[in-house]
Amino acid sequence: MWDDDNSVILCAPTGKAAQRMREITGLKAETIHRAKINPTPYNCLVVVDEVSMVDIMLANEFLEWAKYCNIVLVGDADQLQSIGPGSFFLSLINSHIVPTVKLVKGHRNFGSIAKNSELINNGMTMKDYIFNDFFHFIPCEDNLIQDAIIKEYMNMVSKYGVKNVCILAPMRARTNSAVNTLNTVIRDIVNPYKSHSPKLPGCKFREGDRVMQTKNMYNKYSIDSKGEIKLGVFNGDCGIVSKIDEDENTLEVYFDDDRTVVYDRHEVDELVLAYAMTIHKSQGSEYEGVIVVHSKGHYIMLRRELLYTAVTRAKTEITLIGDKSAFNNAALNTVAQMLGENVRYTKLKERIES
């Protein structure tokens, strides 16, 4: 999105990542798709964040700007790769043709969180981690893991507040410590059903629920805390259900960035509970307190990139809960080791080098 003097464009692949850019810089920022709607920029600086999430097709969208302006790409090559095809960011770095600067000092977290993130990224296991008041491990068998997660979640919420705490798990379903199950269990504890509460027909949400938007809705209006109308609600935006109007058949969400959005009944399916989320969904976010869950039941999703991404979401405090061997296996396993070196078939690096 253009800043006020049209000299800088800030954008990111997701609405959540763009929101973080706005919070940190104080400048306007938008998704890559929305920024592309604007006229072609000339003689300006384009900064694209969270580029590890960018697939080859989305990269093609903003690389057209390179004809007219300078582009700076920012990202962490050790985090999860894009869901879409290609290996754009790694190909650029590994070509050694594109000028690259590596940040060696983190600014999101510090101390044991930063050090252990580095250890995980280097394939080190639990015996090497630093455990203290900011980095914890709670060993737990699968049959007791829910109780341990709930207890630690309530402890962190008492310190940091609901919007500043998140539970991260590798899988959405299939285990008792998967995201969907955890969301249902925790919601019933922190926001129990009340028979007199307003509700919409067929709607699973209650007033007070913590929710997340799952789809970009570029033409959806919101109103910020100053009463100004904004356009767009984006995949990954999180907030609280602040009102359910049975007469109007609408649901209102107050998002973490002080915007209020009113959903018609047919639009509420774009929302999900968000006390817990998958590690993939957390990419581009940060929280004061993070709980990372790894159990034996998650074995098909245990790998280093996921664990590293999860741990680096924490700003102040993090707790690992689950099976020690599951965390160790995650730190030792990379996508390349599990599936072979050529995980993604792309000739981008070779084309750059030629």
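Tutor: Let us begin with burial: a residue is buried under 20% relative accessible area, exposed over 50%, and partly exposed in between, with a 1.4 Å probe and protein chains only. Glutamate 267, at 13% relative accessibility, therefore counts as buried. This is a predicted model, in which local features need pLDDT of at least 70 and side-chain atom pairs count only at pLDDT 80 or more, while totals for chains, interfaces and linings use all residues. Residues are numbered from 1 along each chain as its sequence is written, and side-chain values use heavy atoms, with hydrogens and water left out.

Student: With which residue does glutamate 267 meet in a salt bridge?

Tutor: A salt bridge is a side-chain nitrogen of Lys or Arg within 4 Å of a carboxyl oxygen of Asp or Glu. Here the partner of glutamate 267 is lysine 220, at 2.7 Å from N to O. Glutamate 267 lies in the loop between β12 and β13 and lysine 220 in strand β8, so the pair ties together parts that are 47 residues apart in sequence. Helices (H or I, at least four residues) and strands (E, at least two) are DSSP runs, numbered from the N terminus. Lysine 220 is also buried, with a relative accessible area of 12%.

Student: How many salt bridges does the count come to?

Tutor: The count comes to 14 salt bridges. One of them joins aspartate 209 to arginine 187, whose closest N and O atoms are 2.7 Å apart. Aspartate 209 is in the loop between α7 and β7 (210-213) and arginine 187 in helix α7, so this pair links parts 22 residues apart in sequence. Aspartate 209 is buried at 0% relative accessibility, and arginine 187 is buried at 8%.

Student: Which residues have the most contacts inside the largest nonpolar core?

Tutor: A nonpolar core is a set of buried Ala, Val, Leu, Ile, Met, Phe, Trp, Tyr and Cys residues joined through side-chain atoms within 4.5 Å. The largest one has 35 residues, and those with the most contacts inside it are Tyr153, Ile167, Phe205, Leu251, Val253 and Tyr263. Helix α6 gives the most to this core, with seven residues.

Student: How are strands β3 and β4 joined?

Tutor: Two strands pair if DSSP finds at least two bridges between them. Strands β3 (residues 45-48) and β4 (residues 70-73) run parallel and are joined by four bridges. Within this pair, valine 48 stands opposite leucine 73 in β4.
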